[in-house]
Amino acid sequence: MAAPPMGRAPGPSRRALLAGAGGLAVGAAGTGTAWALTSPADPAPGPSKIVAPDDDLMREHGVLKRVLLCYRELISRVQAGGPLPAQPLHDAALIIHDFIEGFHEGLEEAFIFPRLRRGRLDGTVTTLLVQHARGRVLTQQILAQSTARGVTSAHTRGQLSAAMAAFVRMYEPHEAREDTVVFPAFRDAVPAGELADLARHFADLEHQQFGTDEFTAMVARVAGIEQALGIYDLAQFTPEA
Ligand SMILES: [Fe+2]
Ligand SMILES: [Fe+2]
């Protein structure tokens, strides 16, 4: 089996993520990572592109959910004793690395979690930050092992399956808690005018980091992986009448 072309994409890796006035630097809570804050170099998206900050984060969770579905499919193949395709697995982990860990979680850590630190959700925020860090470790493992050589080893396939299972088990409740508790609490805590400013800022950041139609492009990437795995057709999940 020829080695698939799986070089790591030069993803954002939490670089220059946060644009703001004054060229400030902010540490990513719980990670110690410092991001350089610069003014957006590209024009801001038009008004039609602006999505409320919590809505924006929730639709990014939709991409995360679809990657989790890909992981579930791959885990089931390993459990059934079948081959583990390296390329779709690596591509799926790259979406997590580039878009979820490198961007989405940076927004949560810089703009959402700090607003909830002094209230009843302080403990929840601490747990979410720990989970972000654990998730990054799992993703690095998946990226490193999802090579053509790695997936031919039964031992490595088992390790990859365990890493994907741990990731899915953690992120399903993680994103559900954010959608139903954390983001609504954030919206309650932030004045409407500030929410609108933040919506514009999120849009600027996405545009700066990923270019035009970044969300559509990310959805297309995950759809391509679903097609490669044969799980794209939505109708296949409908139970028999
Ligand atoms: Fe999160
Ligand atoms: Fe999230």
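Donors here are N, O and S atoms within 2.8 Å of the metal (3.2 Å for Na, K and Ca); water is not among the atoms, so sites may look incomplete. This is a predicted model, where local features need pLDDT of at least 70 and side-chain atom pairs count only at pLDDT 80 or more, while totals for chains, interfaces and linings use all residues. Residues are numbered from 1 along each chain as its sequence is written, chains are lettered from A and ligands numbered from 1 in the order in which they are written, and side-chain values use heavy atoms, leaving out hydrogens and water.

Q: What spacing do the donors of the iron ion (ligand 1) follow along the chain?
A: Start with who holds the metal: Glu-108 (OE), His-132 (NE2), His-174 (NE2) and Glu-178 (OE), lying 2.0 to 2.2 Å from the iron ion (ligand 1). Read along the chain, they give E-x23-H-x41-H-x3-E.

Q: Is His-132 buried or exposed?
A: Buried means under 20% relative accessible area, exposed over 50%, and partly exposed in between (1.4 Å probe, protein chains only). His-132 has a relative accessible area of 0%, so this residue counts as buried.

Q: Why is the arrangement around the iron ion (ligand 2) called irregular?
A: Four donors count as tetrahedral if all angles lie between 85 and 135 degrees; four count as square planar and six as octahedral if opposite donors are over 155 degrees apart and all others between 65 and 115; anything else is irregular. The site is irregular because its 4 donor atoms subtend angles of 80 to 163°.

Q: Which residue bridges the iron ion (ligand 2) and the iron ion (ligand 1)?
A: The protein donors of the iron ion (ligand 2) are His-61 (NE2), His-104 (NE2), Glu-108 (OE) and Glu-178 (OE). The two iron ions lie 3.3 Å apart, and the residue bridging them is Glu-108.
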